[in-house]
Amino acid sequence: MTASSTQMHDSWSFERGAFQTVDRDYGKLINRLSHHMMDGHVVHHLFFTRVPHYRLEEATRSLVRGMEERGQSYLYKQIDTPDFTQEIVRQFNDNWFFVDEKQIVRK
């Protein structure tokens with residue numbers, strides 16, 4: 001499901017949109033240096049006005065545990081990204097800053 005199809009879907013909600021994001025684990029050091037914004041990304045989107053960054057790690061563990069207890073763990077997405085430097089280069093090459101000329105409207 002793309003971002004535009006999520007937004008246009010009849011059953012779209014704030015929560016559904018928040019669960020379209022993904023937590024990425026970059027290893028303990030990088031996670032800590034980034035204030036857990038990548039490995040706590042889902043919680044950040046769900047509770048951005050209530051959970052400060054220094055509580056994201058704990059809140060993410062609680063979210064995952066609560067979802068497992070309720071049989072909703074299928075909604076949560078987490079990706080281990082130990083080779084994140086290669087992933088950043090791949091994403092940059094595949095997705096970043098490249099515009100399809102057919103998408104540009106010139107006047």
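1. The lining of the largest pocket in this predicted model holds seven charged residues, four polar ones and three nonpolar ones. The 14 lining residues include Asp25, Asn31, His36, Asp39 and Glu57, and these five lie nearest the pocket centre. The space in this pocket comes to about 280 Å³.

2. Helix H5 has the largest share, with five residues.

3. The second largest pocket has a volume of about 170 Å³. Its lining is made up of Gln20, Thr21, Val22, Arg24, Tyr26, Met38 and His41. By class, these residues divide into three nonpolar, three polar and one charged. The corresponding division for the largest pocket is three nonpolar, four polar and seven charged.

4. On the surface, a nonpolar patch is formed by Trp12, Phe14 and Phe48. Together the three residues have about 330 Å² of accessible area.

5. Where in the fold does Phe14 sit, by element? Phe14 belongs to helix H2, which covers residues 14–18. Is Phe14 buried, partly exposed or exposed? Its relative accessible area is 39%, so Phe14 counts as partly exposed. Patch members need over 30% relative accessible area, and Phe14, at 39%, is one of the residues of the nonpolar patch.

Note on methods:
Residues are numbered from 1 along each chain as its sequence is written. This is a predicted model: local features need pLDDT of at least 70, side-chain atom pairs count only at pLDDT 80 or more; totals for chains, interfaces and linings use all residues. Side-chain values use heavy atoms; hydrogens and water are left out. On a 1 Å grid over the protein atoms alone, a cavity is a set of points where a 1.4 Å probe fits but cannot get out, and a pocket is an open set with protein on both sides within 12 Å along at least five of seven lines; lining residues have an atom within 4 Å of a point. Grid points are joined across faces, edges and corners, and a volume is the space filled by probe spheres set on the points. Helices (H or I, at least four residues) and strands (E, at least two) are DSSP runs, numbered from the N terminus. Ala, Val, Leu, Ile, Met, Phe, Trp, Tyr, Cys and Pro count as nonpolar, Asp, Glu, Lys and Arg as charged, and the others, Gly among them, as polar. Patches are made of residues with over 30% relative accessible area and no salt bridge: like charges are joined within 9 Å, nonpolar side chains (Val, Leu, Ile, Met, Phe, Trp, Tyr) within 5 Å. Accessible areas come from the Shrake-Rupley method with a 1.4 Å probe; for residues, only the protein chains shown count as cover. A salt bridge is a side-chain nitrogen of Lys or Arg within 4 Å of a carboxyl oxygen of Asp or Glu. Buried means under 20% relative accessible area, exposed over 50%, partly exposed in between (1.4 Å probe, protein chains only).
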